Amino acid sequence: MHICMIGTGYVGLVTGTCLAEVGHSVWCVDVDESKVERLKNGEIPIYEPGLEDMVSRNVRQGRLRFTTDLKEALDDSPFVFIAVGTPPGEDGSADLRYVLDAARQIGSVMEDYKVVVVKSTVPVGTTEKARLCVSEELGIRGRDDLDFDVAFCPEFLKEGSAIDDFMSPDRVVIGTDNQKTADLLGELFSAFSFREDRIIFMSIPSAELTKYASNSMLATRISFMNQLARFCEKIGADIDQVRHGMGSDGRIGSAFLYPGVGYGGSCFPKDVKALIHSGRSHGVPMTLLESVEEINKSQRKWFFDKILSHYGADISGKTFAVWGLSFKPNTDDIREAPALDIIPWLLERGASVRAYDPVGQENAKAAFPNTEGIVYCDDNYQALENADALILLTEWLPFRRPEFDRMKDLMGEHVIFDGRNQYRPDRMADLGFVYYGIGRYVK
């Protein structure tokens with residue numbers, strides 16, 4: 001099948017490439033000419049394991065193409081996906097201008113029947129707004145004779161494992177109000193439920209809410225565990241033991257029950273804010289999610305206070321090694337990353353930072369332009385040279401089992417602030433480190 005994908009950001013590029021991988025012919029459209037040229041030359045604007053090779057293979061085999069010309073991409077494509085950004089506004093609401101602009105552009109150039117699929121994460125009611133935008137443009141052109149349908153198909157991609165998530169999905173949710181569209185999209189996505197039917201059809205509003213509800217539930221689990229971790233430290237309990245006891249309950253499970261320095265990234269913070277705003281606008285206050293968001297914000301300050309407490313509130317002149325700048329491993333995405341809060345707090349109090357991240361350093365440099373006091377290192381051990389303490393903020397695999405003897409030789413003082421609970425407290429004590437984790441009891 002022929003598909004037009006509007007947007008070559010994270011969702012659009014991964015989705016378009018994976019659809020091409022299973023045999024569809026995909027045009028990816030973007031208004032950024034330089035970005036399109038880079039993609040044509042095999043330059044991938046994001047870091048996602050396996051994506052570069054998959055893009056290169058499908059471009060070479062003619063199934064994946066890039067253009068700035070929507071009409072060129074749309075003419076032979078019965079399916080057109082809208083996968084553009086919906087950044088949060090100051091009030092937490094989702095900015096829908098790019099989604100609705102894309103819908104208008106579709107209406108301005110389409111010449112035959114289309115299934116318009118909103119893939120961007122949007123509040124309930126947005127897909128209907130997109131339908132209206134297409135209709136209005138057709139009316140302006142005097143082409144009310146052209147038929148089209150709309151649907152909403154949320155993405156459930158985790159950065160760092162997006163290709164696996166798409167190719168072997170837990171579910172494919174399709175929101176539609178008619179059987180014809182359901183049949184067409186069911187056929188389009190059939191390759192991803194070949195052995196087991198994973199396609200779930202529902203109403204458009206239900207599908208729109210499902211995306212927000214899923215991410216908000218996961219964020220809630222994280223904030224709940226972070227609050228429990230604080231309580232554990234007060235009463236002498238160990239959050240790891242509590243998590244094991246909870247996760248063994250089949251009704252709960254262990255996923256997203258790991259405490260740390262709070263969630264970040266492009267989805268959880270934005271989606272929680274958007275659902276809070278959407279609920280408020282409909283007269284249904286999302287008080288639980290308001291607490292989830294507040295816990296997440298305060299968790300970073302609570303963790304930073306551990307650092308201050310160790311040094312008696314005075315960290316001026318201290319040097320801190322920071323391992324991890326991206327919000328999670330296997331991505332270069334630093335949006336809402338803990339490092340964006342922790343590093344400025346360190347610098348404001350007169351400390352210096354030696355930072356390392358396997359792939360996120362260039363984005364971090366852009367986030368901290370001309371900032372004195374930060375040295376970006378070539379590897380995690382170089383970051384430790386003469387450091388007074390290590391602050392671990394992202395659980396990259398190379399950080400999980402480092403050479404602790406080598407670390408001790410490099411560091412000026414042997415102190416670890418572990419924001420991801422990567423190391424065992426008893427083991428660290430035996431090795432001669434002063435260790436601070438999240439909600440962990442040390443005898």
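Helix H5 passes helix H6 in a right-handed crossing. (A crossing is right-handed if the near helix is turned clockwise from the far one by less than a right angle, and left-handed if anticlockwise.) The model is predicted; local features need pLDDT of at least 70, side-chain atom pairs count only at pLDDT 80 or more, and totals for chains, interfaces and linings use all residues. Residues are numbered from 1 along each chain as its sequence is written, and side-chain values use heavy atoms, with hydrogens and water left out. Helices (H or I, at least four residues) and strands (E, at least two) are DSSP runs, numbered from the N terminus.

Two packed helices are described by the angle between their axes and the distance between the axes. The axes of H5 (residues 97-109) and H6 (residues 126-141) come within 7 Å and cross at roughly 35 degrees. Axes are lines fitted to C-alpha atoms, for helices over the stretch in contact, and angles run from 0 to 180 degrees between N-to-C directions. H5 contributes Val99, Leu100, Ala103, Arg104, Gly107, Ser108 and Val109 to the contact. From H6 come Thr126, Lys129, Ala130, Cys133, Val134, Glu137, Leu138 and Arg141. Contact means heavy atoms within 4.5 Å. The residues of this H5 and H6 contact divide into eight nonpolar, three polar and four charged. Here Ala, Val, Leu, Ile, Met, Phe, Trp, Tyr, Cys and Pro count as nonpolar, Asp, Glu, Lys and Arg as charged, and the others, Gly among them, as polar.

Leu209, Lys211, Tyr212, Ala213, Asn215, Ser216, Leu218, Ala219 and Ile222 of H9 meet Phe268, Asp271, Val272, Ala274 and Leu275 of H11. The residues of the H9 and H11 contact comprise 10 nonpolar, two polar and two charged.

Serine 326 sits in the loop between strand S9 (319-323) and helix H13 (339-348). Serine 326 is buried, at 1% relative accessible area. Buried means under 20%, exposed over 50% and partly exposed in between (1.4 Å probe, protein chains only). The side chain of serine 326 makes a polar contact with the side chain of tryptophan 396, at 3.3 Å. A polar contact is a pair of N or O atoms within 3.5 Å; within protein, one must be able to donate a hydrogen and the other to accept it, and residues adjacent in sequence count only if both atoms are side-chain atoms. A polar atom of the serine 326 side chain also lies 3.3 Å from the backbone oxygen of threonine 331. Beyond four places in sequence, serine 326 touches residues including Asp332, Asp357 and Thr394.

Glutamate 336 lies in that loop between S9 and H13. Its phi is near 60 degrees, a positive value in a residue other than glycine. Glutamate 336 is partly exposed, with a relative accessible area of 40%. Asparagine 386, in the loop between helix H15 (380-383) and strand S12 (389-392), also has phi near 60 degrees. Asparagine 386 is exposed, at 62%.

Phenylalanine 192 occupies the loop between helix H8 (179-188) and strand S8 (199-202). Phenylalanine 192 counts as buried, at 3% relative accessibility. Its C-alpha atom is separated by 6.4 Å from that of serine 168, 24 residues apart along the chain.
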